[in-house]
Amino acid sequence: MVFPESKNVQPSGSEERRHIQKHVLPQHFAGPNLLTSRLNNSLVNVNYEPQDYSETDPLLPNEHYSGARFSGSQEAKVSAVVPPESVCSLVLQILVPFLLAGLGTISAGLLLDVVQSWDVFQEITEIFILLPAVLGMKGNLEMTLASRLSTAVNAGKMELASEKWMLIFGNLALKQLQSTVLGLLASLLALVLGWIADGGIPLNHVVLLCTTSVCTTFVASLLQGIIMVGVIIGSKRTGINPDNVATPIAASFGDLITLALLACFSQCFYSFIELYLYVLYLLDLFLLCLIPLWIVISSKHHASWILLRTGWEPIITAMAISSMGGVILDKTVSDPNLAGIILYAPVINGIGGNLVSIQASRISTNLHMNFSHGEVPEDHKRCYQPCSTFFGSGPNHKSAKVLLLIVVPGQLIFLYIIHLIKGAHTMPSALFTVTFLTASLIQVFSLLCIADCMVHYLWRKGKDPDSYSIPYLTALADLLGTALLSLAFLLLWCSGDIGGL
């Protein structure tokens with residue numbers, strides 16, 4: 001079988017496709033499937049030209065993979081085929097990492113309940129404002145990385161070892177750069193909000209808060225990034241859809257690791273701040289001096305270089321949103337009648353962020369694999385209706401229903417585990433349980449609707465949902481979760497049931 005040489009075939013277009021179908025392919029093929037396969041391969045072979053990539057392009061060059069989509073005209077795009085998931089398979093893949101994530105958030109809540117009485121937390125209350133922003137880094141960085149790599153795996157773009165490791169190292173370096181900058185900005189924002197609320201702040205407290213934030217985000221980001229890469233590669237080798245497991249595992253122990261580092265660093269620095277304040281300055285200087293190194297490494301891969309130049313808007317905005325939740329948490333914790341909220345805040349915030357991240361990652365993967373940039377499914381070209389998120393025949397409608405339905409049994413399990421660990425002899429009151437579950441359901445329902453609308457909107461505007469949507473969604477999970485939980489505790493206090501926790 002002889003195909004026309006590349007020089008006789010012009011780059012992509014419907015005219016060239018008709019020419020091949022009419023004059024070449026009928027002479028050699030009888031089966032329609034084989035005809036389509038050969039046609040697509042022919043166009044791929046003759047259609048490659050060096051070109052500039054945008055941030056919405058797949059993370060690895062598609063021409064290296066015979067089954068992957070590649071940038072070009074709509075006629076020449078080949079959608080990757082993903083085997084359909086049964087409800088049972090979907091539930092099983094989501095349930096295990098969901099429970100692991102829940103155990104991680106429970107551990108974080110229990111740890112926070114212990115460390116809130118430490119000297120540094122009592123003396124420098126701005127740490128409570130900083131806390132949601134620092135814990136939210138997993139949404140800004142870890143979950144975003146997990147979503148990007150999951151999309152690359154599902155689109156068949158992590159096959160070549162050289163490209164795979166270039167992609168991984170570029171993204172890890174970018175993440176370390178972002179964690180350093182965000183840690184510094186989060187501490188400064190916490191200081192400003194604390195100053196507005198309480199008045200002046202001593203200089204040594206300013207230095208301690210900045211150093212604690214930068215050190216915590218830097219070390220936590222490095223540890224969780226390495227774990228995340230291992231999870232993605234392991235999922236790929238075992239045939240598990242990383243969209244279902246990567247983002248919850250990224251958050252499963254993210255809160256616990258980050259909170260433990262924050263508490264240890266802050267208490268350690270507080271113990272010698274009066275004698276060795278210069279050590280904190282040196283630590284800040286050292287971590288800031290590493291920024292040029294991370295820029296050089298991340299610029300080696302084009303996709304991470306694009307994100308380095310354009311990916312700051314969502315993570316900085318998300319940090320500011322999480323800080324608003326921190327202000328609510330700080331004011332609630334300061335009220336003795338509502339102090340019990342500190343135990344449950346990481347649970348409701350973490351679970352909401354985990355579930356909506358799964359949905360956002362799945363929608364993004366579907367758009368990357370089946371639609372060109374700016375094109376959305378027909379049901380998202382009309383005016384948005386919340387019910388359309390949960391009712392339909394698509395795979396994302398099915399996953400939205402599954403994610404919403406596991407909220408109540410999941411949170412009941414987590415409430416029971418919390419009271420077992422606390423050594424309580426009685427279960428929480430019925431009123432508290434109903435109020436807590438209602439707040440959690442409202443939070444997750446709202447987040448799933450927002451995710452459905454936001455991811456498609458970002459795709460239609462030419463922005464990569466993997467990099468833009470998850471920071472916003474996890475920050476909104478923190479804000480909504482803290483606000484709804486504070487309202488629930490206020491209602492319980494007004495009803496006289498706060499002692500039934």
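# Burial, helix packing and cysteines

Reader: Is Leu167 buried or exposed?
Author: The relative accessibility of Leu167 is 0%, and a residue is called buried under 20% relative accessible area, exposed over 50% and partly exposed in between (1.4 Å probe, protein chains only). This is a predicted model, in which local features need pLDDT of at least 70 and side-chain atom pairs count only at pLDDT 80 or more, while totals for chains, interfaces and linings use all residues. Residues are numbered from 1 along each chain as its sequence is written, and side-chain values use heavy atoms, with hydrogens and water left out. Leu167, which lies in helix 7 (residues 161-198), therefore counts as buried.

Reader: How far apart in space are Leu167 and Ala152?
Author: Along the sequence, Leu167 and Ala152 are separated by 15 residues. In space, taken from C-alpha to C-alpha, the separation of Leu167 and Ala152 is 9.9 Å.

Reader: How are helix 15 and helix 19 oriented to each other?
Author: Helix 15 (residues 341-370) packs against helix 19 (residues 465-495) at about 150°, with axes 8 Å apart; axes are lines fitted to C-alpha atoms, for helices over the stretch in contact, and angles run from 0 to 180 degrees between N-to-C directions. Angles under 35 degrees count as roughly parallel, over 145 as roughly antiparallel, 65 to 115 as roughly perpendicular and the rest as oblique. Helix 15 is therefore, relative to helix 19, roughly antiparallel.

Reader: Which word describes the orientation of helix 5 and helix 14?
Author: Helix 5 (residues 126-135) and helix 14 (residues 312-333) meet at an angle of about 140°, and their axes are 7 Å apart. The two helices, helix 5 and helix 14, are therefore oblique.

Reader: How many disulfides does a search of the whole structure find?
Author: A disulfide is a pair of cysteine sulfur atoms within 2.5 Å. Among the cysteines, Cys289 is exposed at 51% relative accessible area, whereas Cys453 is partly exposed at 36%. Over the whole structure, the number of disulfides found is zero.

Note on methods:
Helix = DSSP H or I, 4+ residues; strand = E, 2+ residues; numbered from the N terminus.
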